[in-house]
Amino acid sequence: MKNLIILSLLLTCGTVACAQDATVKEIAAINPPGTALAPLRYLASDELKGRGIDRPEINTAAQYIADQFKSFGVKTVPGANNYFQEFQLVTASPGKTGKATIGQLSFTLGKDFVQMTPVDAIIKFPLEYVGRVTEAGLNTIDVKGKIIMIDLGVADDDLSFRKDYGQLPALRALLTKKGAVALAARFMGKTLSWSGLSAHFNEPHLIQPDETTFLNTFIINNTPELQAILSKGYKTDAEFVVTGTMERSVNLKNVIGYIKGTDSQLKDQYVLLTSHYDHLGVGKAKMEDGKLDSIYNGARDNASGTTAVIDAARYFSKYPPARSMLFITYTAEEKGLIGSSYYASHPIVPLKQIIYNLNIDNASYDDTRLISLVGLGRTTADKHIKKACAAYGMTVNGDPTGGQLFFASDNYPLAKKGVPAPTFSFGMKTFGPEIFKRYHQLSDEVGNMDLNYMMKFIGAYILAAKYIADDPQPATWSTGDQLEKAGQELYGNK
Ligand SMILES: [Zn+2]
C-alpha cells in the first residue's frame, strides 16, 4: 500500500511542482484568512487614526508590529533597541511672514513663493537667471556670491518638473560647493498645481536625514509678471526675507527583526522584506463614499504591505529558508521616504550583507489577475517572482508609469546604494482614475478591498521571498542596469 502511494505521487507530479504545492499549502496553513488579515484590520482601523507620524497612535502601531514579531520568535537585531531602530528628526515650520523682491517685482511668502527648508533669513544679493540647468550645465557658470535662479521643468510639462525637482538636492549641493548664496527655482508644473505645491510647503515638514548640505532654496510661482522679465542671463538685485520659522524634534522608529537562515554558508546573507507602516493620519472631515470621514485609514497604503511582511515573518519563523530573513517596517514614508533613507544611511545589518530587498507599497489596484512589480526587468529575481505569482494564478507586469514609481517608495534609498530592490505591488494596468479613487483618499479602507485578492497577494509575496532566499545564486541587478555598478561597488564585484 505504502509503495503504491509513493508511486502514484511520483506519477502525478514532478518534484519541483510538488515542492511548490507543498509550500503553498504550508503558507495557507500558517496564514489562514482570519490570522493573515488580522493585522490589516487592526492597522487600518479607526482606532489607529491613520498612523500619522505626528500622532501617538503611530507608536501603538509600531508596538503592535513588534509584539507580532516577538510572538513568532523573530529575533531582535544586535544594535537595535529591542525591535526598534529609533531616531530623531527635526520638523521645521515655515516662516510666519516673508517677502521677496526681484528687480521691481515683489512676492509674498506662502502665496507667491515658498522656502524649501524653513529657516529665518535675510538675503540681499545680486540675482542671475540661468534657465533650466543640469549639474554639468551649472558647473560652467560663475555662481559665487549670487542668488541663482533656475527653472524647474519647462512650461506645462509635469514630467519635466518632477525630473528637475528630483535633481534639486544635487544642484543645491553643487551650488553650495561653488559658493552661491541661495537658489530661487521657478515652478513650471501644470496639473501638479502651484496651489498644491505651496500647500505642501506651507505645512511643517521633516528635514531629510540625508540632507547634508544646506542652501537657502525658494520655489517661486511662475506669475505672468515674472515670466515677462525673465530671459536667459537676466541679472538684477534681489532680496528674500523670512521670519518666524520654528523647529521641533520628533521621535521616529523603524521596526526591525530577523530569522536566522538554515544554510551554514548562506545564513550570513539576508533577504530583506520591507513596507512602510505610517500613513497620512487625520485630515479635514469630508464626505466620501457617502460617509462623513476624516481618518486616512490607509488600508491599501500600506497596512496591506505591513500585513504581508508580518505574515511572512510568521511563515518564515516556522519554515526558515537557506538565507536569513530581515524584516523592517519603516516609518514616515509618506513624509518623503524618511524611515528607509535613515536605514540606508544608518544600517544595523550592513547593506552588503543584504543581498536583496523585496519592498511592498500599495496605492490601489485595477486588475486582480496581476501583480505589478515596480522594477520589473531590473533584477535577476524576476523569474522567482513570476513563478510565485503563477502559483497563485497571477501574472506580473511592470510599473504602469514607465519607471517613475521606482523612485517613489522605500525600495529606492537602498537601491541607490546598490541593493537590488524592487517594489511588489497590487495589480495596476494603468496608473489612472481607478487607482486615484483610493490612493491617498479617506475611503482607502478594508471594507472596500477584495480580500481574496489580498490573500493571493500575501501568498505570492511569501513564496517569491522564499525562492529568492533559497536560490544558491544570489539575485543581482540585471546586466546593464543603471544601478548595476552601485551593486558591484557594494558587494565587491561578486
Ligand atoms: Zn505607500
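Trainee: What makes a residue or an atom pair count here?

Mentor: In this predicted model local features need pLDDT of at least 70 and side-chain atom pairs pLDDT 80 or more, while totals for chains, interfaces and linings use all residues. Residues are numbered from 1 along each chain as its sequence is written, and side-chain values use heavy atoms, with hydrogens and water left out.

Trainee: What is the area buried between domain 1 and domain 2, and what supplies it on the side of domain 1?

Mentor: Buried area is the accessible area (1.4 Å probe) that two parts lose on being put together, summed over both. For domain 1 and domain 2 that comes to about 700 Å², with 65% of it on carbon and sulfur atoms. On the side of domain 1, L89, I338 and Q404 supply 51% of the area buried against domain 2, more than any other three residues.

Trainee: How many salt bridges cross that interface?

Mentor: The rule asks for a side-chain nitrogen of Lys or Arg within 4 Å of a carboxyl oxygen of Asp or Glu. Across the interface of domain 1 and domain 2 it finds zero.

Trainee: Why is the pair E128 and K146 called a salt bridge?

Mentor: The N to O distance between their side chains is 2.8 Å, and the cut-off is 4 Å, so the pair qualifies. E128 sits in strand β5 (residues 121–131) and K146 in the loop between α6 (135–139) and β6 (147–152), so the pair ties together parts 18 residues apart in sequence. Helices (H or I, at least four residues) and strands (E, at least two) are DSSP runs, numbered from the N terminus. By the salt-bridge rule the count comes to 14.

Trainee: What is the omega of the peptide bond from D301 to N302?

Mentor: Omega is near 0 degrees there, and the bond is cis. N302 belongs to helix α10 (residues 299–318).
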